[in-house]
Amino acid sequence: MGRIFVVDLEGRTYKCKFCKTHLALAGDLVSRGFHSRRGKAYLFSNAVNISVGPREDRMMLSGMHTVADIYCCRCGQIVGWKYEAAHEKSQKYKEGKFVLERWSLFGGK
Amino acid sequence: MENLMIGPKGLIKKQEFVRIIIQSMHALGYRKSAVCLEAESGILCKSVDFESLESHILNANWDDCIGALNKLKGLSDETRASALFIVLKQFLLECLSRGEDALALEVLRKQVAGLWMGKEKVHNLAVGLLFLKELGSNKIDNGIIQEFRKRMIIDLENVLPPPITLPERRLEHLVEMAVSAQVDNCTYHTSDAITLYEDHHCGRDHFPSETVQVLETGKVTQKHTLKSHQNPVSFVAWSPDDTMLLTCGNMEVLKLWDVETGICKHTYGNDGFIVTSCAWFPDSKRLVCGSSDPEKGIYMWDSEGNEIKAWKGVRMPKVSDIAVTPDGQHLISIFSDKEIHILNLQTNAERVISEQHSITSLSVSGDNKFFIVNLNSQEIHMWDVAGKWVKPRKYAGHMQQKYVIRSCFGGLNSRFIASGSEDSQVYVWNQLSSYPIEILSGHLMTVNCVSWNPRRPQMLASASDDQTVRIWGPNCF
């Protein structure tokens, strides 16, 4: 198996609960008020060490969005989704940002 | 006659062409042929102006000489001043040798100073002349004067511009320029054989393009199996003297093996020491490794197991890759995935290059001048070690998104760059082109790493997730 390339972040980071790979910086946290089927989720302006799945249109609590599921690049576990496009103007601020589900995260330390 | 053009594109003036041919005949020593050609073509190698200058000098008609120099057209003021300076220098020398000191002094004060040559030069001249005076004016006899005059003529030839004089060995220079351009343009350059009878061109059939051997476990005789690492082995490096092998575990310690016996000579670092990459120094006695735990930093050891130096501390970031230039002068390391640090080991001067995307691997060229980094953005960037480039040269075409893919330099004069790719092919670029010149297919899965044979410019090896190593060569093997 090839050596998977993993980036390390400096500072307070949120890590993948299963393999401890760094996923996002605490400093990039935008909002704590998101929800997924599995519980609470956080919105981040940037995330690393993730691989992005195919785009699909999904009806979310806040309306129709084009999203792509994101997976931890090391263990392959699904960790959240990325907003590719928002269909309503009020939701545009989410475009390009990542939502990481609380249940898949470890940290803030 | 002046405007006659020759050559298939009509770019060459006949008169200039013949003149440099005559010059090269003189330089090669064929004086009779040169004179013959001058007579036959009616074109003189030395221009009329220069001939007259020469005769004035040899006959010591200094006023005529200076007058002629002042009348020459096409000279910048600076050049004219330099030429006059040379002439006056000789004049002063001769004055002094004849004992005409007063005249010499007058000339020095008025004419030389008026040339705006710069105080230093004038002072040096004065000092030189005084020195000569001390040697005794009777020491300078006629023979030496003639020698000095001839030398002076050569100096003048170097100062005056064309078409009054020709630059030295002009024809040789033009031919070398043409041949160098052919070599630079040679895409598949695999041999340095240059002949003037044909345009230099290395054909693709001498370039590695086919699999020559596939090495699978069991088929190549294993000399030793080196067992000791707990984790997968992620990096190996041969010592430059061929006797030792360094191996890094994936996030593990560093081990040094003796190649002949297969015994592990040293293990660097205790439990918990995580090594990301390592490199040898050319003397095969020292090695460096980058570590990310417990204390992040770069550590230098010797082959006996002693620590020589360590760059560590609270502010040291994670070192993801490290390399030493083959001459041992520079240490290049990757900090925090995006920064390249080039440290000159002699002067301790450090240079930092910041990349926009994460760097996955680093490789230095065999001629110490360049290095390449593979980026997460599917590009390979080439930078120069000396630090003159503002932008890197970029190469693209391969696929790299998830894994660590390594690349390397190779071929004659490190002319080529080869890289693995996630689409199971090996990509090869010529340094001068952004797009690959050759894509080698054969592997079944991601190609992780390539290594070009440093002694055989037509052979390279590649390692893949399909558990094989392939050796590539030209199809005329």
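The legends below describe close-up views of a predicted model.

**View 1. The second largest pocket and the residues around its centre.**
The space in this pocket amounts to about 960 Å³. Its lining is made up of 32 residues. Those that lie nearest the centre of the pocket are Lys13(B), Gln15(B), Glu16(B), Phe17(B) and Ile20(B). By residue class, the lining of the second largest pocket holds 18 nonpolar, 4 polar and 10 charged residues.

**View 2. Elements of chain B that line the second largest pocket.**
Four elements of chain B each give two or more residues to the lining of the second largest pocket: strand S2 (12-13), helix H1 (14-28), helix H3 (48-58) and helix H9 (170-184). H1(B) gives the most, with 5 residues.

**View 3. The second largest pocket in relation to domain 1 and domain 2 of chain B.**

**View 4. Domain 2 and domain 3 of chain B.**
Chain B is divided into domain 1 (46-168), domain 2 (171-202) and domain 3 (205-473). The C-alpha centres of domain 2 and domain 3 of chain B are 32 Å apart. In the contact, domain 2 of chain B takes part with 9 residues and domain 3 of chain B with 11 residues.

**View 5. The area buried between domain 2 and domain 3 of chain B.**
The size of an interface is often expressed as the accessible area that is lost when the parts come together. Between domain 2 and domain 3 of chain B, about 880 Å² is buried, and 58% of this area is on carbon and sulfur atoms. On the side of domain 2 of chain B, the residues that lose the most area to domain 3 are Tyr188(B), His189(B) and Thr190(B), which together account for 61% of what that side buries. How many salt bridges does the rule find across the interface of these two domains? The number found is 0.

**View 6. The interface of chain B and chain A.**
Here, 16 residues of chain B are in contact with 10 residues of chain A. The two chains bury about 1200 Å² between them, and carbon and sulfur atoms give 51% of this area. In chain B, the residues that lose the most area to chain A are Lys402(B), Tyr403(B) and Val404(B), together 38% of what that side buries.

Conventions
Residues numbered from 1 in each chain as written. Chains lettered and ligands numbered in written order. Predicted model: local features only at pLDDT ≥ 70, side-chain atom pairs only at ≥ 80, totals over all residues. Heavy atoms only, no water. 1 Å grid on protein atoms, 1.4 Å probe; cavity = no way out; pocket = protein on both sides within 12 Å on 5 of 7 lines; lining within 4 Å. Points joined across faces, edges and corners; volume = space filled by probe spheres on them. Nonpolar A, V, L, I, M, F, W, Y, C, P; charged D, E, K, R; others polar. Domains from an automatic or database assignment. Contact = heavy atoms within 4.5 Å. Buried area = accessible area lost by both parts, 1.4 Å probe. Salt bridge = Lys/Arg side-chain N within 4 Å of Asp/Glu carboxyl O.
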